[in-house]
Amino acid sequence: MNKMYALAIGLLLFISCGKDKTNAGEDFSKSSSSESSTESSSSDASTYDPKRGEGKFTTVDLGTGLDVAMAAEGEKAAGVKCMSCHKLTDERLVGPGWKGVTERRTPVWIMNFATNPDPMIDKDPELQAQLELCLVRMPNQALTDDEARHILEYMRQNDGVK
């Protein structure tokens, strides 16, 4: 029985201490070429549109007024994914308060930021300034397009849209 344990431990040590030949001698202090090209393209702020942000949304149809059912769904989604860091007032919690956000930002920008925060934080000077105040990057909450649209409607309701 002891020989079996010794063999198992030896096998585990052999497997865990073996080098992966593809990474042998690789300098991990430097980014790989694919990572550095992604970083350089994501930090290229010259193509960034501060009214639109960066992402797949180019237009957002808000309709003629507030969609109360959509705002109710947005309240549920925001309760799960947003309200641990944001308040509905202008008071900062971890992230900035939401009061007036739909007046300061375009609907397209809000949708793009909600669904694609990382590249926008890297390029948007106002987001970078906000990051210096809040000290925490907004995490990607993996919102679906529908969740993001519902949350936008909830933000509009919070800002007094009827």
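Modeller: The questions below concern a predicted model, and they begin with its aromatic rings.

Colleague: Why is the pair of Trp98 and Tyr154 called edge-to-face?

Modeller: The planes of Trp98 and Tyr154 stand at 75° with 6.5 Å centre to centre; pairing requires centres within 6.5 Å and edge-to-face requires over 60 degrees, so the term applies.

Colleague: What does the pair tie together?

Modeller: Trp98 belongs to the loop between α3 and α4, whereas Tyr154 belongs to helix α8, so parts 56 residues apart in sequence are tied together.

Colleague: How do you know whether Trp98 is buried or exposed?

Modeller: Its relative accessible area is 7%; buried means under 20%, so Trp98 counts as buried. Tyr154, at 8%, is buried as well.

Colleague: What makes the pair of Trp109 and Phe113 stacked?

Modeller: The ring centres of Trp109 and Phe113 are 5.1 Å apart and the planes lie at 25°; because stacking requires planes under 30 degrees apart, the pair qualifies. Both residues lie in helix α5, four residues apart, about one turn of the helix, and both are buried.

Colleague: What sits over the ring of Trp109?

Modeller: The charged end of Arg105 does, 3.8 Å from the ring centre.

Colleague: Why does Leu135 count as exposed?

Modeller: Its relative accessibility is 69%, and exposed means over 50%, so the term holds. Leu135 lies in the loop between α7 and α8. Together with Leu93, Val94 and Val136, Leu135 forms a nonpolar surface patch with about 360 Å² of accessible area.

How values were computed:
Residues numbered from 1 in each chain as written. Predicted model: local features only at pLDDT ≥ 70, side-chain atom pairs only at ≥ 80, totals over all residues. Heavy atoms only, no water. Phe/Tyr/Trp six-rings, centres within 6.5 Å; stacked < 30°, edge-to-face > 60°. Helix = DSSP H or I, 4+ residues; strand = E, 2+ residues; numbered from the N terminus. Buried < 20%, exposed > 50% of the residue type's maximum accessible area, 1.4 Å probe, protein only. Lys NZ or Arg CZ within 6 Å of the ring centre and 35° of its normal. Patch = residues over 30% accessible without salt bridge, like charges linked within 9 Å, V, L, I, M, F, W, Y side chains within 5 Å. Areas by Shrake-Rupley, 256 points an atom, 1.4 Å probe, with all protein chains shown as cover. Salt bridge = Lys/Arg side-chain N within 4 Å of Asp/Glu carboxyl O.
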